[in-house]
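Dear colleague,

Please find below the sequence and the structure that I am handing over to you. My findings follow directly after them.

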Amino acid sequence: MSVETVIPPNDPTAKAKSAEVPQVRVRRRIPAQPPWFARWESLLFGSGTVIFVLAVWQAIASARIVPPLFLPGPFAIWEAFVAYVADGSIWTDLAASGLELIYGYGLAIIVALPLGLLMGWYRRVNMSLDPIVNFMNAMPRIALVPLLIIWFGIGIWSKVAVIFLSSIFPILINTQAGIRNLDAGWIKAARSFGGSDLQLFRTVALPGAVPFILTGMRIGVGHALIGVVVGELVAARAGIGLMMATAGAGFQTAKVFAGLMIVSLAGVFLVGMISLVERRFQAWRPPN
Amino acid sequence: MSDPRAVKLSARQVSIHYWLTRSSQPFLAVDSVDLDVYAGEFMVIVGPSGCGKTTLLNAIDGLQRISDGELELNGKPIRKPGGDRAMVFQQASLLPWRSVLGNVSYGLELRGKMQRAAIRDRARELITLVGLKGFEDHYPTELSGGMQQRVNLARALAVDPDILLLDEPFAALDAQTREYMQAELLRIWSATRKTAIFITHDIKEAIYLADRVAVFTARPGRIKEIIEIDLPRPRELRSKREPRFLEYEDRIWNSIEEEVRATESRALESVGSR
Ligand SMILES: Nc1ncnc2c1ncn2[C@@H]1O[C@H](COP(=O)(O)OP(=O)(O)OP(=O)(O)O)[C@@H](O)[C@H]1O
Ligand SMILES: [Mg+2]
């Protein structure tokens with residue numbers, strides 16, 4: 001169609017040219033479909049890098065450039081892990097650390113979400129709590145572990161407490177920021193339709209702040225895992241962190257690495273779960 | 001239009017101030033406005049940019065507190081938003097995580113007086129009315145600006161308000177869609193005869209739609225004059241080319257031009273005095 005309009009109406013060759021139009025190859029207007037591997041692209045590249053790094057690591061370890069006491073290779077770590085599973089102690093450790101994480105991190109979310117919403121929404125709540133939140137956030141909460149052990153004993157509750165304190169503030173602060181950054185137009189529209197505070201929370205504040213809340217939760221996971229490991233390093237009856245401390249004291253370097261891998265993979269898993277939730281809430285957002 | 005009708009909305013000496021963050025002085029946006037809007041009337045407000053039109057409309061909707069005077073709806077002072085009013089905002093302000101259907105349903109959901117299925121049906125009706133049939137499941141980010149504005153209009157119409165407040169609802173539309181929407185709005189309005197207050201910068205649009213046009217002065221906004229548009233209804237789009245239409249257009253254009261010029265010379269003076 002656009003080809004025709006270019007031709008001046010009284011151009012003598014117009015007829016001849018327009019007769020050619022059907023033969024003109026029409027350029028495709030629809031953007032090319034992503035190739036079949038697009039869905040797997042990020043997995044492909046991501047795992048490629050991981051395999052490469054593991055291979056180099058194994059090569060260094062096998063070449064004995066660094067003594068295995070300092071840097072065991074991936075295979076040695078895998079063997080240590082298998083032995084750890086075989087002797088059965090992994091299950092008590094996993095149960096202890098897992099429970100600590102679930103209680104501490106879960107409690108942090110339960111407390112941080114409503115508190116963050118209130119702080120973001122009500123100026124006076126923010127004014128009242130802001131100094132305490134800032135102070136507590138600035139405090140290196142890991143340093144509280146000895147104190148928490150005196151208060152809560154060496155069982156899981158001292159670790160639950162440190163995990164809670166470590167992960168609550170990123171979630172709280174991000175939730176509050178999310179509410180603060182809501183589009184004023186959304187709130188105005190909701191108010192104009194007679195929305196109550198509760199309705200505004202549910203239909204505007206919460207969905208509007210979701211990206212911030214999830215960012216806070218993602219940062220919180222990292223802090224929570226530090227809490228698990230460091231808390232158990234100081235004193236514990238069971239747990240992955242305790243295992244790492246014991247293995248380290250006995251120069252079982254590969255086993256320490258195995259513990260490190262377990263903790264890191266747990267973190268990757270949790271962040272992955274959060275990303276799934278995020279994708280569910282962000283369906284409306286155009287890719288990039 | 002000459003028959004004495006019930007006053008729907010009355011503003012008496014209404015002034016509205018803003019407190020600016022970095023100022024110890026209140027900022028006067030609307031200054032002693034007197035305005036009566038009759039039941040079933042189509043009132044259009046025109047005036048230079050920044051003169052306080054949106055501010056006044058927000059006050060009528062109950063979103064903005066007035067600092068002086070009286071603002072009454074059906075004889076009762078306006079204190080907060082109510083089910084008898086609905087606003088079409090200058091910025092579409094759609095919820096990006098809700099589909100077109102979800103956004104059009106939004107007002108009805110907040111009112112909470114209808115069953116879910118009934119809300120959906122009503123929303124679908126309005127989506128068709130504003131010409132967005134087939135886009136029910138699209139998200140606002142997937143719509144053009146003009147389409148978003150039509151969702152904004154449908155959202156307000158869906159709650160079936162007594163007074164419809166429209167803040168430059170068609171400003172973002174292309175000329176054709178705009179004329180189409182103007183005619184549609186008139187059609188909807190003629191069928192229901194709801195009171196409408198409509199802000200626009202487009203003088204043709206103002207005359208085409210209005211029973212009366214209120215011209216605002218430059219900020220702080222006062223009402224400069226109210227011009228009765230004595231053109232027969234129903235109006236056709238082609239009536240925009242009739243001589244009487246053009247007379248009105250000239251008159252309103254001159255009136256606004258005076259105001260814009262007044263602001264400019266004031267601005268020049270204040271520059272010169274420094
Ligand atoms: N939230 C606010 N806080 C402070 N001042 C404001 C606020 N909103 C508007 N104003 C000021 O009040 C005046 C009137 O604004 P308003 O939005 O009512 O103008 P308007 O007539 O709707 O203009 P336009 O035609 O450009 O939409 C402007 O000078 C603006 O600077
Ligand atoms: Mg405005």
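I begin with B:Arg193, which lies in the loop between α5 (175–192) and β8 of chain B. Please bear in mind throughout that this is a predicted model. The phi angle of B:Arg193 is near 55°, a positive value in a residue other than glycine. As background, most residues other than glycine have a negative phi, and most peptide bonds are trans. Is B:Arg193 buried, partly exposed or exposed? Its relative accessible area is 40%, so B:Arg193 counts as partly exposed, the class between the limits of 20% and 50%.

A positive phi, of about 50°, is also found at B:Gln13, although this residue is not a glycine. B:Gln13 belongs to strand β1 (residues 7–19) of chain B. With a relative accessibility of 41%, B:Gln13 is partly exposed.

Chain B also contains cis peptide bonds. One of them joins B:Arg219 and B:Pro220, with omega at about -5°. B:Pro220 sits in the loop between β9 and β10 (223–228) of chain B. Another cis peptide bond joins B:Arg233 and B:Pro234, where omega is about -5°. The place of B:Pro234 is the loop between β10 and α7 (243–272) of chain B.

Next, I turn to strand β3 (residues 42–46) of chain B. How many of its five residues are buried? Five of the five are buried, so the strand is largely enclosed by the rest of the structure. In a regular strand the side chains alternate between the two faces of the sheet. In β3(B), one side carries B:Phe42, B:Val44 and B:Val46, while B:Met43 and B:Ile45 are on the other.

Which strands are joined to β3(B) by bridges? One is strand β8 (residues 195–199) of chain B, which runs parallel to β3(B) and is joined to it by four bridges. Within this pairing, B:Val44 stands opposite B:Phe198. Another is strand β9 (residues 212–216) of chain B, again parallel to β3(B) and joined to it by four bridges. Here B:Val46 has B:Val215 as its bridge partner.

I now move to chain A, which is divided into domain 1 (14–62) and domain 2 (74–281). The C-alpha centres of these domains of chain A lie 38 Å apart.

Two packed helices are described by the angle between their axes and the distance between the axes. In chain A, helix α5 (residues 89–121) and helix α6 (residues 123–138) pack at an angle of about 120°, and their axes are 6 Å apart. Because of this angle, α5(A) is oblique to α6(A). The residues of this contact divide into seven nonpolar, one polar and two charged. From α5(A) come A:Leu115, A:Leu118, A:Met119 and A:Trp121. They meet residues of α6(A) that include A:Arg123, A:Asn126, A:Leu129 and A:Asp130.

Finally, A:Asn174 lies in helix α8 (residues 156–180) of chain A. Why does A:Asn174 count as buried? Its relative accessible area is 17%, and buried means under 20%, so A:Asn174 falls in that class. Leaving aside neighbours within four places in sequence, A:Asn174 is in contact with A:Phe212, A:Thr215, A:Gly216 and A:Ile219.

With kind regards

Notes
Residues numbered from 1 in each chain as written. Chains lettered and ligands numbered in written order. Predicted model: local features only at pLDDT ≥ 70, side-chain atom pairs only at ≥ 80, totals over all residues. Heavy atoms only, no water. Axes fitted to C-alpha atoms, helices over the stretch in contact; angles between N-to-C directions. Helix = DSSP H or I, 4+ residues; strand = E, 2+ residues; numbered from the N terminus. Parallel < 35°, antiparallel > 145°, perpendicular 65-115°, else oblique. Contact = heavy atoms within 4.5 Å. Nonpolar A, V, L, I, M, F, W, Y, C, P; charged D, E, K, R; others polar. Domains from an automatic or database assignment. Buried < 20%, exposed > 50% of the residue type's maximum accessible area, 1.4 Å probe, protein only. Pairing = 2+ DSSP bridges.
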